[in-house]
Amino acid sequence: MFRRIFHWQFSALVYIRVRMRLSHSIQRRLCILKGIYPHEPKHKKKVNKGSTAPRTFYLLKDIRFLLHEPIVGKFREYKIFVRKLRKAYGKAEWSGVQRMKENKPAYKLDHIIKERYPTFIDAVRDVDDALSMSFLFSTFARTGKCHVQTIQLCRRLSVEWMNYIIASRSLRKVFLSIKGIYYQAEVLGQTITWIIPYQFAHDHPTDVDYRVMATFTELYTTLLGFVNFRLYQTLNLVYPPKLDGQGEFSLKSECEEDYALESESYSEKLSALSASLARTVPLVEDEEAELDLFPAEGEDLEKMEAREKIELEQNEQKKLFEGLKLFLNREVPRESLAFVIRCFGGQVSWDKSLCIGSTYDETDETITHHIVDRPTIDKQYINRYYIQPQWVYDCVNGKILLPVEEYFLGVTLPPHLSPFVEESEGDYVPPEKLKLQALQRGEKPQAEDDEEEEEEEEEDDDDEDDQSEDEDEANLAEMEEKRAQGKSLSVKVTPGKVKPENRMRAEQEEKAEEKRLAIMMMKKKEKYLYDKIMFGKKRHVREANKLAAKRKAHDDSNKADKKKKKKKKC
Amino acid sequence: MRPTHSGTMSKLKNKKRNLEENEDEQLPIFDKDGGKDAHLDDGDEDQGDLSDGEESVFSGLEESGSESDDEEEEEEDEEDGSEEKSSDIEENQTADGDGDDQLSAKEVIKPQTDGQNSKEEKKKKKAAGKEGGEESVASVRDSGLQISSQVDEYEHDTSDEEDIRNTVGNIPMEWYKDYPHIGYDLEGKKIFKPIRNKDELDEFLDKMENPDYWRTVQDKMTGADIRLSDEQVDLVHRLQQGKFGDVNFNEYEPAIDFFSNEVMIHPVTNRPQDKRSFIPSLIEKEKVGKLVHAIKMGWIKPRRPKETTPQYYDLWAKEDPNSILGRHKMHVPAPKMKLPGHEESYNPPPEYLLSEEERLAWEQQDPEYRKLSFLPQKFACLRAVPAYSRFIHEQFERCLDLYLCPRQRKMRVNVNPEDLIPKLPKPKDLQPFPTTQSLVYRGHSSLVRSISISPSGQWLVSGSDDCTVRFWEVSTARCLKTVEVGGAVKGVAWNPNPSICLVAVSYDDTVVLLNPGLGDRLVCTATDQLISSYEEPEEVMDQSVQWAVAEGEGHEQGHRLILKHPKAVRQVTWHGKGDYLACVMPDNGSSLQVVIHQVSKRRTQNPFRKNKGLVQCVSFHPIRPYFFVATQRYVRVYNLIKQELTKKLMANCKWISSMAIHPGGDNVICGSYDCRLAWFDLDLSTKPYKVLRHHKKALRSVAYHRHYPLFASGSDDGSVIVCHGMVYNDLLQNPLIVPVKVLKGHTITHDLGVLDVTFHPTQPWVFSSGADGTVRLFT
């Protein structure tokens, strides 16, 4: 057996401070940038001088590794620079201040990125947190909490990312949660999930250390920049992104004078997400590369077929909104919707005064869907659907164009389900999901009584589950039944019935008893583990049952309400 | 003067600041010609444009006249002017070195006065219009009223003009509060305070009577009362209203731009320009030369514009597998964020919303232990969704997790629970064993502590706490005989010898040997004869136990022999041959805990000299002359012939309650009060071969079947568990233990369930006695 020997250092942080003469903040930044994390020792007492008090332990090897980082020197330089600058300020030496500011020591994190993510796939895999953070920072106000450059950089990178996702059409799932909007994309075979908060000003909490966040952002912006560059390259897009020629031209004519700087208006146009990007190699329209078919056998063949099927589905999903022309009213979250619609090939526009980059007007006759988030709208055009924004997201998650009736203005929306939940056997499945699955299978939505049936079926399922899970309970219940029968016999004599011998049942019981007896013979350790597993399973079932019961109660009360209303009408 | 007024001012300020900075910094470049600075300035001044001297006049205006003493300052700076005047003069006169720049400034000023004549002329004209107000200014100034209107101070020296009677100078007059004098006059004599013995009343009278009271002011310097003149009162009023002190002063006079952009024919100063203003500066030339040289040599490079935006490139252009650090393989990537479920939706299905109680419970729970970190909420439309207040918090916590949490690869136990269950032979294949309850023996009114079965298997005896011993027919559950004894029966034991019909019954401190008179009459009479055939030995031994023969009523009931013990007897057990009888008298203190009686000789032995713990139960080896004694935690095996301890079995439990020996004699089972049943293989080890914890409560009794590979255990949980316990003749094969049946039937009374179990000697049947006063037969 390969045995690894760790050198544990007693409170290793103290160790760095002594050896490197580094301040705590620099240690923290180093750990963050280099991705050094503490380890849990195997024998805590041995390491901690016999005490079991919680303490962070770093591997001595890791700390030695930190010592060799050239960036430590840069940090020191920066510290000195800050000290000098403070002194100059104190003495009011303004020219000195300026000179120093000009020669501010700067450092790059490129080599750290390369070292932490030796391959590009590694970097893509870890880009989740980077995205969430940079989207968060890009929504910060440009005052106070962090440097304006950082915010601008974050904004730029996140817009680049969104543009890439649109260009590659790799968005898969979207989820409107109460925290923000989750997006999941599949980039180079990696599923990447990020969250964007809703567009509101942040109420900055006081108990958050923004220095830690800023250090992370520093790392993440570097990572994201390189990842974006490479991703743009893979699609033959120009980096930094440029708008496609025609789009640029059409946009230029409008509202140019609103922005002071050319660059600013350009970045705004990019972030409008309405125009496609310029490519280094002109795009060939029909580039559906046929997969080379290799003769495969047996399992491989099945796998291949499954893969092909999935691919086909994905291709179809990518073209979900193709041919649709949507218009966003001003109260809907423009960026999110524009991003999602464009990711699936739809055309989208908005009011000219809302944001730069709108491509057509509300009066356009060819608009198919108008997305509105208010109870009514005054002026309605006949040849388009007025729908609520949830429709778009539900369509994406369902991978089909859902019927629009449930999403009309003023209608109570159907629940918005999380696309990330994948129910395994025995889990509770909300009826809406079942309905959606039926729709996906191509079945036509039926009347309400059908729903009810479904629900009933479902309940039956639950019951069965109960039985299989809690055999003891079943047995007990049966015993009770027997007892009850016995009692009834004692009270009055009924003509004897031939009780059909339920062979299946008897067999099952026998098996159950065997199992129980075998459980008696289990070793202590195994028994413990077994009990734990069974407890977990039972809890799972209990939760599912609870949800089902709640749903049933809700539906019942709803029905009762409906009946009452009907009666009143009568 | 070409530059406009304000322009010069700002420039001047900058220049001054620069000067100061340069001096402070003491940069090497400026070190050399630091001394020449003043010269240079002088030169500039001579030239007449941007001259430092003239500007310093204005700087004086700006900076409250710290270094100049000219007239303008007096006029404009009404607050400080008169106070500072004297000190300035002193400075001028004494010229004590306050600092280089100040000195130089004064030097600058001196010559300027000549050149400024023309300007002063104008000033004078203005001043002429003003009212003189030459009254004793000094008298008023300390009371906060300062009169600035003065005539040109260059005509009469201000110090002379001032009426200085008190020479104490500018000090707080409170210092003289406690002295009779108030200062010194010019000759050095004390100036005494005017006699003021006004009290409040005088003051008041004065206030009432004196019409000028309101305009009387006390001079702090001299202590005298001064009556203000009309003009002065007027002045005070004007100042109070925020107007200029001078009545005739027009504050809105059109400004005359002296330093206009128009080039006049006459220069502002009349001073001839220096020579050095015509020839190029050598120092500058030297400096420029050095710079040019440095540029030529490449020492100085033009400043490159800094790149503020980060540059990105293809970082992974050449992925070199060799450059991947070894430590990267050890790296544990951070787990991804947990994906949200339905309950996080802004419009979740109704079942995911918390009910009122759940919400309350959620709120009361500690945030650390909450299953959901948020309250599920439902919004009618997307428009109504508010910002999530903990968003930044959560991101921050994620950051903290990333760099502060120890990472570990945890092996997830992905075990199918079915695999954990041991594979055992099916109970069906191990038949016969008792499966159902077939008979219930009712009759006892209290708990049945002990049962025993006759060697023929026809009769059952049970002893109960209701002070009776009952004899039952096994096959019919009929109670054949009831014998009353003098106490709660603790133990009954049927003599295992089939040719003897005797039952040992223990209650209190007595053991009674009963002849139930059941079964074969021959056997019964033979037994009676055996007992009565006893002959008293010649020598009477001292015995701790008294033997007595039952007579009278007792004899009719079946009592044959009565053994009186010194202590309460808990258990009785027969040797397999049926002659020896062992009794247990648990007592921690004495060595007399176990006694062995020989019935045929009516003899009693105390086998142990020493007390080794509280004896729980004893048992004879079925074949060999061994004797098992179970104390609280150990089972000791004694060789009765050699009279020595052969083995000590560690039961690994807290308190042994019962024990049974396998008919083969090599295996022992022990039941304990901590729910365990330990199976010892005597050939294997002194530790249990197997410990079963199949009962939920304390075990009360265990038993082996005499022929079938079965053993049973009865427990306080009211169940009897029958196990298959096969012992092989092959020494290499370990015993096979399989639980085969859980028999339930006894009801639990007083927290006690089954108290005793015993097997039928020939059939696979098990009897159990319980605390509910019944004996049950399972077949």
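**A walk around chain A**

Start with chain A, which has 21 helices and seven strands (DSSP runs numbered from the N terminus: H or I of at least four residues for helices, E of at least two for strands). This is a predicted model, where local features need pLDDT of at least 70 and side-chain atom pairs 80 or more, while totals for chains, interfaces and linings use all residues. Residues are numbered from 1 along each chain as its sequence is written, chains are lettered from A and ligands numbered from 1 in the order written, and side-chain values use heavy atoms, leaving out hydrogens and water.

Of the 570 residues in chain A, 42% are buried (under 20% relative accessible area, 1.4 Å probe, protein chains only).

Next, select helix α15 of chain A, residues 334-343. Ten of its ten residues are buried, so the helix is largely enclosed by the rest of the structure. Among them are Arg334(A), Glu335(A), Phe339(A) and Arg342(A). Step just past α15(A) to Gly345(A), with its positive phi of about 85 degrees.

Now jump to Ser177(A), in the loop between β1 (171-176) and β2 (180-187) of chain A. Ser177(A) counts as buried because its relative accessibility is 0%. Show its contacts (heavy atoms within 4.5 Å): leaving aside neighbours within four places in sequence, Ser177(A) touches Tyr182(A) and Tyr198(A), plus Glu344(B), Ser345(B) and Tyr346(B).

Last stop: helix α5 of chain A, residues 71-91. Pick Lys84(A), which lies in this helix.

Key:
Buried < 20%, exposed > 50% of the residue type's maximum accessible area, 1.4 Å probe, protein only.
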